[in-house]
Amino acid sequence: MATVSLRNINKKFGKTPVLQDINLEFPDGEFVVLIGPSGCGKTTILRLIAGLEEQDSGDVLIAGENVNTLPPAKRSIAMVFQSLSLYPHMSVADNIGFPLKIAGTSKSVIREKVAAVAEMLQMSHLLDRRPGQLSGGEKQRVAIGRAMVRDPKVFLFDEPLSNLDVSLRAQMRMELKELHEKLGATMLYVTHDQTEAMTLGERIVVINDHVVQQMGRPIDLYESPANTFVAGFFGSPRINLLEATLVTADEKLATLRLSDGLTVQAAVDARGAQIGDKVIFGLRPEHVRLASSDEDETLVGRVHRLEHLGDMVHVYVALPGVGEKVCVKVKAGSEYPQNGAQVDLAFPVKNSLLFDAAGVAFPRSA
Ligand SMILES: Nc1ncnc2c1ncn2[C@@H]1O[C@H](COP(=O)(O)OP(=O)(O)OP(=O)(O)O)[C@@H](O)[C@H]1O
Ligand SMILES: [Mg+2]
């Protein structure tokens, strides 16, 4: 087991910067998910840690040791790739044992270790088959077995489930989580999928525009996103982000104007901004409620569009003078309005978020 640290990492391919001043600490034994849009540098980060790619500047440390000049084979790391690279002509047992064979391990030790790994992955009955005789999920398990067999200190997973169908992904997610609990190894896991990130990660790192946008526990990223990018990355349907103007701000509460006569409040400390500044008001669809008109503090709007999802209905509401439609999440069984109906919206001030014009969050008040 080992911590992994990236210190001031910079990396360009040709003239194109891919990673800029990346500083990350992956704690010993933790399951950390890296997520971000395609091309943001996720695979590159894993390859730098594995030693398959070299940074232009900065340091990679594994278990406190600087490994900048250590070749991949000496880093005690195993990587599971998105595209499976099993040897089709070899049995499952030989595929799993291959890294040990390369390392010159004796046949009897290989047999023992392969058997132990296969048992842990519940695939002892598959050892004599070839990859062509396995399902997608079983193949993926062989690839993971091949990573486990060398007892690496750190596992790197690069979108290992992206080729599997939805139900198999869900099953493999559970298996990976259990595997992590059994092995207690440091695991870094790259994905595009926000559900995978939220369910697997003890911690999540969000990367965009070559830099780390935020690192934190899933719930912290969801409830207190550092900026509009992170806020928009998690949650479905997407968080409502509405342009507004700051009217008042103290350490606990900000008042904002969405349009003429339409004022809302957010429980944030926006004293860093000037009155009259453009800001962005953030409200998650599940935090907005269809209210009755005799309640205080409601916003009156009109239903613009409905989306039926079976268990849920997404009601998109147009507010007077506001460009963006506000999405409200309503349970399908409950009553919901029809297109064009007038509705009242209510939301708890404590759940609303506020960002400056550049998208950086104001701290939520305690
Ligand atoms: N060997 C290379 N030579 C030149 N450019 C590269 C090379 N490898 C990666 N890149 C570029 O670096 C950027 C980051 O690539 P990387 O593979 O790390 O992205 P990613 O976040 O893993 O994306 P995806 O989610 O699509 O897998 C991309 O713009 C990519 O085109
Ligand atoms: Mg990638």
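Modeller: A crossing is left-handed if the near helix is turned anticlockwise from the far one by less than a right angle, and right-handed if clockwise. Helices here are DSSP runs (H or I, at least four residues), numbered from the N terminus.

Colleague: Which way does α2 pass α3, left-handed or right-handed?

Modeller: The crossing of α2 past α3 is right-handed. Keep in mind that this is a predicted model, where local features need pLDDT of at least 70, side-chain atom pairs need 80 or more, and totals for chains, interfaces and linings use all residues. Residues are numbered from 1 along each chain as written, with chains lettered from A and ligands numbered from 1 in written order.

Colleague: Where are those two helices, and at what angle do they cross?

Modeller: Helix α2 covers residues 92-102 and helix α3 covers residues 107-120. Their axes come within 9 Å and cross at roughly 125°. Axes are lines fitted to C-alpha atoms over the stretch in contact, with angles from 0 to 180 degrees between N-to-C directions. So α2 and α3 are oblique to each other.

Colleague: Which residues meet there?

Modeller: From α2, Ala93, Ile96, Gly97, Leu100 and Lys101. From α3, they meet Ile110, Lys113, Val114, Val117 and Ala118. Contact means C-beta atoms, placed from the backbone, within 7 Å. By class, that contact of α2 with α3 has 7 nonpolar, 1 polar and 2 charged residues.

Colleague: Next pair. How do α4 and α5 pack?

Modeller: Helix α4 (residues 136-148) and helix α5 (residues 166-183) pack at about 30°. Their axes are 10 Å apart. This crossing is right-handed. Gly136, Gly137 and Gln140 of α4 make the contact with Leu168, Gln171 and Met172 of α5. The contact of α4 with α5 holds 2 nonpolar, 4 polar and no charged residues.

Colleague: New topic. What surrounds ligand 1?

Modeller: Phe13, Val18, Gly36, Ser38, Gly39, Cys40, Gly41, Lys42, Thr43, Thr44 and His192. A residue counts if its C-beta atom, placed from the backbone, lies within 6 Å.

Colleague: Which helix gives the largest share of that shell?

Modeller: Helix α1 (residues 42-50), with 3 residues. By class, the shell around ligand 1 has 3 nonpolar, 7 polar and 1 charged residues.

Colleague: And what domains does the protein have?

Modeller: The domain assignment gives domain 1 (4-232) and domain 2 (239-356). Their centres, taken over C-alpha atoms, are separated by 40 Å.

Colleague: How many residues of each are in contact?

Modeller: 4 residues of domain 1 and 6 residues of domain 2. The domain 1 side divides into 1 nonpolar, 3 polar and no charged.

Notes. Contact = placed C-beta atoms within 7 Å. Nonpolar A, V, L, I, M, F, W, Y, C, P; charged D, E, K, R; others polar. Domains from an automatic or database assignment. Parallel < 35°, antiparallel > 145°, perpendicular 65-115°, else oblique.
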